[in-house]
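Good morning, and thank you for making time on the agenda. Please bring up the sequence and the structure, and I shall then go through the two chains in turn.

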Amino acid sequence: MEDKDIPGLLYKYLQGTLQEDEQRRLEDWKARSPDNASLMEEIASPESLSESLSEYHPDNKKALRERILHKILDSDHQFSHAPERPVMTGRRWWMAAAVLAAVVSSVYFIASYYQRPEPGNVAVSATPAEVLPGKTGAILTLSDGSQVVLDSLREGVVSNQNGTQVVLEDGGLAYNPAGPASGGITYNTITTPKGRQFDVRLPDGTRAWLNAASTITYPTAFHGNERMVKITGEVYLEVVKSNVPFMVNVNNKTSIRVLGTHFNVNAYDNEESISTTLLEGSVRIASIPAGSRPSDRETVILRPGQQAKVQVGSGGHPEITVSSDVSVEKVVAWKNGLFDFEGATLGEVMRQLERWYDIEVVYEGDIQQLKLTGKMTRGVTLNGLLKGLDRLGIHCQLEGRTLKLFP
Amino acid sequence: MSANHPYEEYDLVQRFQAGDIGAFTEIYDRYYFLIYQYAKRWLPNRQEAEDVVSETFIKLMQRRGQMESPAKITAFLKVTARNACLDILKHNKVKSARHADLLQHLLLTSAPDFSWLEVREEFLRLVYAEVEKMPRKMKEIFLLSYKEGLKPAEIAQRLNLNVQTVSNQKSNAIKLIKIALGQSFILFPLFFPVAFNDIFEILYK
């Protein structure tokens, strides 16, 4: 947009808080075209502004969008065979992803080295019930062991603990200090099952996004000389800058120490290593050896764009390897509502899909090492996905929640 | 419009040309409201404006073979939307003086300029972003009054509030936005003769 600051100025104009130079800038813009002038008149008139606001009301706008879209799709048979996907809700980043999710109903893969079989012989079995993609949701475990299901349907104060208010809003959880803390430190845990993801704002303002099948444990208020959390599964963290170090314990095998950075940790049990990928700032990663001999402890410091993998080496001790040629975008694709399969093997892809669709994948034949490329939104139903696989010549059979793949 | 999408523009256009409905919907989502606003500017009623939008996109789909670049798509949408508006105005000019008048006007303009429409859409988005920050009850009143054009009595009934208070709120809904910004919040009760306690009760319920 050419007039980037104009909407903001118009907003101030509505409020009557324009500064003198802003006023001039707006007058210049107004004088540039009759359309601009009419827009200012519209804003100045309560009746016309009310009408515009009514049209832009999220529900009304959505209804408008769908009314027109259906009319268009009804008119063209070539386009109308694929139904639209349901829209997911959540926080802003998730909303952005939802736009894509609503939009993209086609899955496309390109096999990099796989022979395409003759068409026909398609073995997608008829599946009575659609397996839907995952959505926002989690379980909150309070310090007393009680559990609260967090989903987008509920909003408001979830609990009050030790001077901190826990609030569910826009599908995410936030901790707001509400009064003086009393007593000792209390810990909360958020767990996402398979097929759910969730984001939470910790008491210090740090934000954590949990992928499916993940947990984060943290105190309801940070005190003392370090901010300590524990995670499993896959979590993306945007740590608020502070002089108090932020420590992440991963599966009790790796610890990450930061002051204020953005990074992703993938530590699923069924992945071969714990991968930490740094987007911003700097982090120090240390392996935690099983036999707590300090000499076995390895430490590395990452620069943005680097990834550290901690895995058990040949001697039984954890080893850290650092690579600089990772695609950061690919690593955090999940957080942005996408699967990015660039260069991944079928086995790797399926492990992600198992968590998101809450399915189990079994293989027939040696196809796990097959390389795939392509992207897909996380809003696609499993059936849409299977059609994409089928085009590659990977045949699928879905029985209940077990997906059988064969060449 | 910005195109901060993970999908490359080129890829999007290619998929659209290949008949991918997802790609079409992505393009639709970028432009439908702009075109709707444009049509609303020139046509007396909503239904006509909606028809312009659907017709414009139907034509875009039919001609997708020629749409090799994002720039082509944008240019095509603008010209087609203008022509669709002209058609409707021409068709109705005998019946309605308003249509005839608008037709004269529109004929004098050349290619549609979307930049002010982008400004308008962004402005409206900003207003709703501020509404999101309002205290819950106030936000509810605001959204209800704009969603269905509800009258104060109806809002009161739905939200279980006192009619008189809602009436004050509703008639000043625009000004509520100012208040949401923090500015003159304390002055609010001075401007509007509502009991101080009532206001706080409503805003923070």
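A word of caution comes before the details: what you see is a predicted model.

Let me start with the composition. Chain A contains nine helices and 27 strands. Chain B, by contrast, has 12 helices and zero strands. In chain A, buried residues account for 35% of the 407 residues. In chain B, 38% of the 205 residues count as buried.

If we take contacts in chain A between residues at least 6 apart in sequence, 51% of them join residues at least 24 apart. For chain B, with contacts again taken between residues at least 6 apart, 56% join residues at least 24 apart.

Next, the nonpolar cores. The largest one holds 62 residues, and the members that touch the most other members are B:Ile35, B:Ala39, B:Val52, B:Val53 and B:Cys85. Which element supplies the largest share of this core? That is helix α2 of chain B, residues 21–42, with 14 residues.

I now turn to individual helices, with α1 of chain B, residues 9–17, as the opening case. Its buried residues are B:Leu12, B:Val13, B:Arg15 and B:Phe16. Viewed down the axis of α1(B), these buried residues fall within an arc of 165°, so they line one face of the helix. The cover over them includes α2 and α4 (70–92) of chain B. Just after α1(B), B:Gly19 adopts a positive phi of about 90°.

In chain A, consider helix α3, residues 34–44. Here the buried residues are A:Asn36, A:Leu39 and A:Ile43. Why do they lie on the same side of α3(A)? They cover an arc of only 55° around the axis, and this places them on the same side. On the other side of α3(A), the exposed residues are A:Pro34, A:Glu41 and A:Ala44. The buried residues of α3(A) are covered by elements of both chains, including α1 (6–15), α2 (20–32) and α4 (46–56) of chain A and α6 (115–132) of chain B.

Two of those covering elements also meet each other. In general, two packed helices are described by the angle between their axes and the distance between the axes. The axes of α4(A) and α6(B) come within 10 Å and cross at roughly 80°. The two helices are therefore roughly perpendicular to each other. On the α4(A) side, A:Ser52, A:Leu53 and A:Tyr56 meet B:Leu124, B:Val127 and B:Tyr128 of α6(B).

Finally, the strands of chain A. Strand β8 (residues 187–192) is joined to strand β11 (residues 214–219) by six bridges, and the two run antiparallel. In this pairing, A:Tyr187 stands opposite A:Pro219, and A:Thr191 stands opposite A:Thr215. β8(A) also pairs with strand β3 (residues 138–141), through three bridges and again antiparallel. There, A:Thr141 has A:Thr189 as its bridge partner. β11(A), in turn, is joined by three bridges to strand β12 (residues 227–238), which runs antiparallel to it. A:Thr217 finds its bridge partner in A:Lys230 of β12(A).

Further along chain A is an open sheet of three strands, in the order β23-β27-β26 and with mixed pairing. β23 (360–363) and β26 (395–399) stand at the edges with a single partner strand each, so one side of each has no neighbour in the sheet. Neighbouring strands of this sheet are turned by 25° against each other on average, direction ignored. β23(A) and β27(A), the latter spanning residues 402–406, run parallel and are joined by four bridges. A:Glu360 stands opposite A:Thr402 in β27(A).

That concludes the presentation, and I welcome your questions.

Note on methods: Residues are numbered from 1 along each chain as its sequence is written. Chains are lettered from A and ligands numbered from 1 in the order in which they are written. This is a predicted model: local features need pLDDT of at least 70, side-chain atom pairs count only at pLDDT 80 or more; totals for chains, interfaces and linings use all residues. A nonpolar core is a set of buried Ala, Val, Leu, Ile, Met, Phe, Trp, Tyr and Cys residues joined through C-beta atoms within 7 Å. A residue is buried if 20 or more other C-beta atoms lie within 10 Å of its own, exposed if 12 or fewer, and partly exposed in between; C-beta atoms are placed from the backbone. Two strands pair if DSSP finds at least two bridges between them. Axes are lines fitted to C-alpha atoms, for helices over the stretch in contact, and angles run from 0 to 180 degrees between N-to-C directions. The arc is that of the directions from the helix axis to the C-beta atoms. Two residues are in contact if their C-beta atoms, placed from the backbone, lie within 7 Å. Angles under 35 degrees count as roughly parallel, over 145 as roughly antiparallel, 65 to 115 as roughly perpendicular and the rest as oblique.
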